[in-house]
Amino acid sequence: MVAVATQNYYEDTPIEPGADDGTADIEADVDPAPHTPYQQQTPHSPHAVQRVTWAELFFDLVLVFAVTQVAHEVSVGAGWADLGRSLLLFVPFWWAWVGCTIVFNGLVISATRRHLLLLAIAGAAFVMSISVPGAYANRGVLFGGAYCAARIMLAFTMRMRGAFRSGLNPFTVGLGAGPAWLFAGFAPADVRQWIWLGIALIELSVPIVLGHRLDYMQFDASHLPERFGLFIIIALGETLVGIGQGGTLHPLKGVEAVALFVAFLLSCGLWWTYFQYGASAVEHALRTAKVPALLVRSSFSYGHMSFVIGIILAAAGMAQAVAEPKAHLQGMHALLLGSGVSLYLATFCYTRIMMFGGASFFRAGAALLAIIITVFSPGLPALAPLAMLAALVIALNAFELYWVDAGRPLLVIKVWEGAAED
C-alpha cells in the first residue's frame, strides 16, 4: 500500500545538541528501587548530552583498517565461498564495535578509565585486523583470541553499565561467543569456517531472540546516531581507498580516467543518500521512539551492518572497475558493485520501516533498478554498470532534493506504525 506522508525527511543539519538546560538528556538505566547494592552505586548519564570523544575517534581508526582488510579479501576472492568467508570475518568486528558504542553511551566514568578501556579494546581489534588475511590459515587462533580479549574487556565495561541485570541477554551470550571463536581457531581450516559460521549466526540471532530483555536501557539521542554515522563514513572512506589505489597503480588514460571520476561520483552519491536526510531522521527516530532499545537493535545494529556490508561490496566492485574499466568481469566479480549498491539502497527501506513504519517509494524503486543493472552487469564492460549505478544514485538524490524543496508530500509504502513518531 502506498501512502502519503507530510513530514518524512529531516534536513541535513549537524547533529548538535540543543541548549543545555541542566536536565538529563537520557534517564538512568537502573530501577527506581534497585534490587542490589551494586545497582544503587552505578551512575548513568547525569549529564545533558554526550559527544563523541577523541578516544572513540581513535578507536574508529582501527576499524578503518579492519574494513580495508575485509574489503581487500572480498576483492581478491575467487568465488562465492571466498566472499562468504570474508564477510563472515566482519561479524565479530561489527559486534565488538556495536558493543563498545552501546555500552559507552551514557556510561559515566572518568576520562582516564574511558580512554584506557577504549584503547585496550582498540588494541584487540588491531590484532584481529592484522589476522584477517591468515584467519583461515595460521592466524585463526590469533584472530579468535583477540576477539575473546575484546569480549572480556567489553564484559567488564558492561558490568559498570548494569547490562548484566538479567542472567541471559545478548551481552552475556556475547561474552561466551569470544572463547568459542578462540577455541574454533585450533580446528582445521575447513572445519573452522563452519564453526565460526555457526557462532556468527548465533551472535546475529541473539538480539532478535533475547533483545527484549534490554528494553529498559536508555540512550543518548545525540551520541548514538553520531557514532553509527561515523562508521558509515569509515566504510565510505574504504571506497575512496579502493578507487584511489586504482588511480595510482594504473595509467590515467581516457577510459581509465573516466572510470576513476565516475567511481568518485558514485561514492559522493552514496554519502549524500545517507547524510542529506538519513542521519537526521535516525536521530529524530531515537529521540521519539517509545522503546529506544528496539530501534538500537533493528535500525542501528542490523540496519547499519547491512549498510556497511553494502558499501564493502560496492568498494570492491569499484576498485575492480577502476582497475579494468574495459574488461567484462565474470562470476561474482561482475556482481559485486551492483549488489553492494542495491543492498545499500534497500537497507534504507528496512531502516525507515522500522523507524516510521513505511519505506520511501523512491528509494525502493531505486533499489529495484540497481538489482536490474546488476543482473545485466556480466555482459557489459565494467565501466558501463559503474556509470549506470552512479547515474541512478545521483538521479535519486537530485529528485529527492527537488521533491522536498518543492514541499511535496513523500510517497511511502506503509507497513506498520513504526517505533518512532513520523
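The model is a predicted one, in which local features need pLDDT of at least 70 and side-chain atom pairs count only at pLDDT 80 or more, while totals for chains, interfaces and linings use all residues. Residues are numbered from 1 along each chain as its sequence is written, and side-chain values use heavy atoms, with hydrogens and water left out.

Confidence comes down to pLDDT, the predictor's score for each residue from 0 to 100. The chain averages 84, and 86% of the residues reach at least 70. Where pLDDT is low, the predicted coordinates should not be read in detail.

As for the fold, the chain has 14 helices and three strands, taken as DSSP runs numbered from the N terminus (helices H or I, at least four residues; strands E, at least two). Of its 422 residues, 55% are buried, meaning under 20% relative accessible area with a 1.4 Å probe, protein chains only. Among contacts with a separation of 6 or more, 84% join residues 24 or more positions apart.

Inside, there are four cavities of 30 Å³ or more. A cavity here is a set of points on a 1 Å grid over the protein atoms alone where a 1.4 Å probe fits but cannot get out, and lining residues have an atom within 4 Å of a point. Grid points are joined across faces, edges and corners, and volume is the space filled by probe spheres set on them. Helix 3 (80-104), helix 6 (170-184), helix 7 (189-210) and helix 11 (292-323) each bring at least two lining residues. By type, the lining splits into 13 nonpolar, four polar and three charged, where Ala, Val, Leu, Ile, Met, Phe, Trp, Tyr, Cys and Pro are nonpolar, Asp, Glu, Lys and Arg charged, and the others, Gly among them, polar.

Pro 207 touches Trp 95, Pro 170, Arg 297 and Tyr 302, leaving aside residues up to four places away in sequence. Asn 169, 38 residues away along the chain, has its C-alpha 7.9 Å from that of Pro 207.

Gly 174 and Arg 151 are 23 residues apart in sequence, with 7.0 Å between their C-alpha atoms.

Terms used:
On a 1 Å grid over the protein atoms alone, a cavity is a set of points where a 1.4 Å probe fits but cannot get out, and a pocket is an open set with protein on both sides within 12 Å along at least five of seven lines; lining residues have an atom within 4 Å of a point. Buried means under 20% relative accessible area, exposed over 50%, partly exposed in between (1.4 Å probe, protein chains only). Contact means heavy atoms within 4.5 Å.
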